[in-house]
Amino acid sequence: RIREMKETAARDGRRMLIAVAGCVAQAEGREIIRRAGAVDLVVGSQNYHRLPEMVARAQRGEKVIDTDFPVEDKFDVLAAPKRDAIAKRGISAFVTVQEGCDKFCTFCVVPYTRGAEVSRPVEKVVAEVERLADGGVREVTLIGQNVNAYHGPGPDGAASSLGRLLRRLAEVPGILRLRYTTSHPRDMDDDLVAAHRDLPELMPYVHLPVQSGSDSILAAMNRRHTRKDYLDVIARLRARRTDLAFTSDFIVGFPGESESDFRETLALVDEVGYAGAFSFMYSPRPGTPAAEMKEQIPADLKSERLQRLQATITRNQRSFNAGFAGRTVDVLLEKPGKLPGQLVGRSPYLQAVQVMAPAECIGSVHRVIIDDVGSNSLFGTLADDSRAVTLTAAGA
């Protein structure tokens, strides 16, 4: 379809370039160009800072592939956004602190396309967050392929943990909320667990992928943790902060997965009581060990298991959300809603919360009494504003 758009543009006298970017581009650059002649440019995930040069070459008619790992750090080359540009993006922002992965799960292409784990220096992360805060950002999510493996050098040259980095960022004026994703169970160290106890800015919402509830499948995935190990991590976190909620990632239909293995995954979902989760059918990635494994699961069976898993996840998610009816929660109000006088914000658990409130509340945290729970949103009344109008799911 995109090729046809390009052809239409050419007939109209316009020039359209097609670029493919990301991890698959990094791994399969030349094959993409070979199979899809309409593609002009393939760029790996470490080379975005070279895009102006690559686009210029593509505009001259050259097929451009740039999937090498550059010597220079793209974060040092990319220009920092101006204050006005930051303000236009809203009050929440993502900040990359770590890239790459050393875990080599058998289903995953990331170690081959993103390389070894690399962490940005503490002071560079702090400087970026300070710029964001100056531009009106109030919530920052630290991101990385394996973010809790963060080990960036601190001002003294010693490696910093993610917990120490979070403590430093909590001191940045204007930053009200901190989050991080995606983490690995084996890198949930005591310092990070303690940060959840000590930092009110660190939200009680942890994305902790497990992928499967079966020890045999976890071993085949090379996750290097067991079901018990994973549950022990959750227990350690909940012991430090009782209001923590968890989300996760799951793969169904991994090679060799039996019905018994799958039922262990379903049981794990109910045991943890996830507030949400991402679930996928196993899909072979070329060059990964799992792609060569025997006992590949038929597509129809993978699809059937995925539907059962998603039904279990949805049941738990709805139960989690239903528990907020009548509660008062802190909501960071982000933007105008669809109705006049309505604002939309996020709870500590990333739930969308809709409330009638004045526009000057945007960018600040307000106590909201939850009056109604919809399928995707919570609806409430400002606890600190008697003029607020109650909005219900039925009336939305």
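**Close-up 1. C105, a buried cysteine in a predicted model.** Let us start with C105, which counts as buried because its relative accessibility is 8%, under the 20% limit for that word. Keep in mind as you look around that this is a predicted model. As a reminder, a disulfide is a covalent bond joining the sulfur atoms of two cysteines.

**Close-up 2. C361, another buried cysteine.** Here the relative accessible area is 7%, so C361 is buried.

**Close-up 3. Helices α8 and α9 side by side.** Helix α8 covers residues 162–169, and its axis runs 7 Å from that of α9. The two helices pack at an angle of about 30°. How are they oriented to each other? They are roughly parallel, because angles under 35 degrees count that way. Now find the residues that touch: α8 brings L162, G163, R164, L166 and R167, while α9 brings D191, L192, A194, A195 and D198.

**Close-up 4. A cis peptide bond at T181 and T182.** Follow the backbone from T181 to T182 and you will meet a cis peptide bond, with omega near 0°. T182 belongs to the loop that links β8 (177–181) with α9 (190–198).

**Close-up 5. Q211, a loop residue with positive phi.** Look for Q211 in the loop between β9 (205–207) and α10 (215–220). Its phi is near 80°, a positive value in a residue that is not glycine. Is Q211 buried or exposed? With a relative accessible area of 8%, Q211 is buried.

Close-up 6. Although N222 is not a glycine, its phi is positive, at about 60°. Its relative accessible area is 27%, so N222 is described as partly exposed; that label covers values between 20% and 50%.

Technical notes
Residues numbered from 1 in each chain as written. Predicted model: local features only at pLDDT ≥ 70, side-chain atom pairs only at ≥ 80, totals over all residues. Heavy atoms only, no water. Helix = DSSP H or I, 4+ residues; strand = E, 2+ residues; numbered from the N terminus. Buried < 20%, exposed > 50% of the residue type's maximum accessible area, 1.4 Å probe, protein only. Axes fitted to C-alpha atoms, helices over the stretch in contact; angles between N-to-C directions. Parallel < 35°, antiparallel > 145°, perpendicular 65-115°, else oblique. Contact = heavy atoms within 4.5 Å.
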